[in-house]
Amino acid sequence: SSGINAECENVDVQHCTRIEEWKSDRTRPIKVEFRTAADVETVLRKAHKLKASDEFKKVYLAPDRSAEERAAHSKLVNQMKELIKKDNSKHYFIRDDKIKCTDKK
């Protein structure tokens, strides 16, 4: 985890709080507010590296989205799931509000 910390050491967290009510069967999400949009971009750009860490492999990061943005993103995710069902030989992902794919490694 020290590598993850080093990569985001210049990021400034403004506020951090748990959201939703406590339920025994799930972990409550945490909302983190950063001082600048550049800090948000830095953290989100490096988020994929969490999966390589045993300590943080179950951590998921997502940008704050409006209701309309959440609906549009959900639609893209559903479309991507359909593409994966049809052809799982490729790696599908969402970038810049578009579904993209690459060959699996």
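Author: Start with the word strand, which here means a DSSP run of E of at least two residues, numbered from the N terminus. C101 lies in one such run, strand 4. Keep in mind that this is a predicted model.

Reader: What does the chain come to in secondary structure, and in what pattern?

Author: It has three helices and four strands. Along the sequence the pattern reads α-β-β-α-α-β-β. The C-alpha trace spans about 40 × 30 × 30 Å along its principal axes.

Reader: Why is C101 called partly exposed?

Author: Its relative accessibility is 39%. Buried needs under 20%, and exposed needs over 50%. C101 falls in between, so it counts as partly exposed. C16 gets that label too, because its relative accessible area is 48%.

Reader: Where is C101 relative to A37?

Author: C101 and A37 are 64 residues apart in sequence. From C-alpha to C-alpha they are 27 Å apart in space.

Reader: A37 is in helix 2. Which residues of helix 2 are buried, and what puts them on the same side?

Author: D39, T42 and V43 are the buried ones. They cover an arc of only 90 degrees around the axis, which puts them on the same side of helix 2. An α-helix has 3.6 residues a turn, so residues three or four places apart point the same way. The face turned away from the buried side of helix 2 carries the exposed residues A37 and R45.

Reader: What share of the chain is buried?

Author: Buried residues make up 10% of the 105 residues.

Reader: Why is S53 called buried?

Author: S53 has a relative accessible area of 11%. The cut-off is under 20%, so S53 is buried. Its place is in the loop between helix 2 (37-46) and helix 3 (67-86).

Reader: What makes the pair of S53 and E55 a polar contact?

Author: A polar atom of the S53 side chain lies 3.2 Å from the backbone nitrogen of E55.

Reader: Why is K75 called exposed?

Author: K75 has 55% relative accessibility. Exposed means over 50%, so K75 counts as exposed. K75 is placed in helix 3. The C-alpha atoms of K75 and R65 are separated by 14 Å, and the two residues are ten apart along the chain.

Reader: What makes D96 and D97 stand out in phi?

Author: D96 has a positive phi of about 55 degrees although it is not a glycine. D97 has a positive phi of about 60 degrees, and it is not a glycine either. Most residues other than glycine have a negative phi.

Reader: Where are D96 and D97, and are they buried or exposed?

Author: D96 is found in the loop between strand 3 (90-95) and strand 4 (98-103). D97 lies in the loop between strand 3 and strand 4. D97 is exposed because its relative accessible area is 65%.

Reader: How many cavities of 30 Å³ or more does a search of the whole structure find?

Author: One. About 30 Å³ of space lies in the largest cavity. Rolling a probe the size of a water molecule over the atoms shows where empty space is left.

Reader: Which residues line the largest cavity, and how do they split by class?

Author: The lining is E20, E21, W22, K23, R26, T27, R28 and P29. By class, two are nonpolar, one is polar and five are charged.

Reader: E20 is in that lining. Why is E20 called partly exposed?

Author: E20 has 47% relative accessibility. That lies between the 20% and 50% cut-offs, so E20 counts as partly exposed. Its place is in the loop between strand 1 (13-18) and strand 2 (30-34). E20 and I30 are ten residues apart along the chain, and their C-alpha atoms are separated by 9.0 Å.

Notes:
Residues are numbered from 1 along each chain as its sequence is written. This is a predicted model: local features need pLDDT of at least 70, side-chain atom pairs count only at pLDDT 80 or more; totals for chains, interfaces and linings use all residues. Side-chain values use heavy atoms; hydrogens and water are left out. Buried means under 20% relative accessible area, exposed over 50%, partly exposed in between (1.4 Å probe, protein chains only). A polar contact is a pair of N or O atoms within 3.5 Å; within protein, one must be able to donate a hydrogen and the other to accept it, and residues adjacent in sequence count only if both atoms are side-chain atoms. On a 1 Å grid over the protein atoms alone, a cavity is a set of points where a 1.4 Å probe fits but cannot get out, and a pocket is an open set with protein on both sides within 12 Å along at least five of seven lines; lining residues have an atom within 4 Å of a point. Grid points are joined across faces, edges and corners, and a volume is the space filled by probe spheres set on the points. Ala, Val, Leu, Ile, Met, Phe, Trp, Tyr, Cys and Pro count as nonpolar, Asp, Glu, Lys and Arg as charged, and the others, Gly among them, as polar. The arc is that of the directions from the helix axis to the C-beta atoms.
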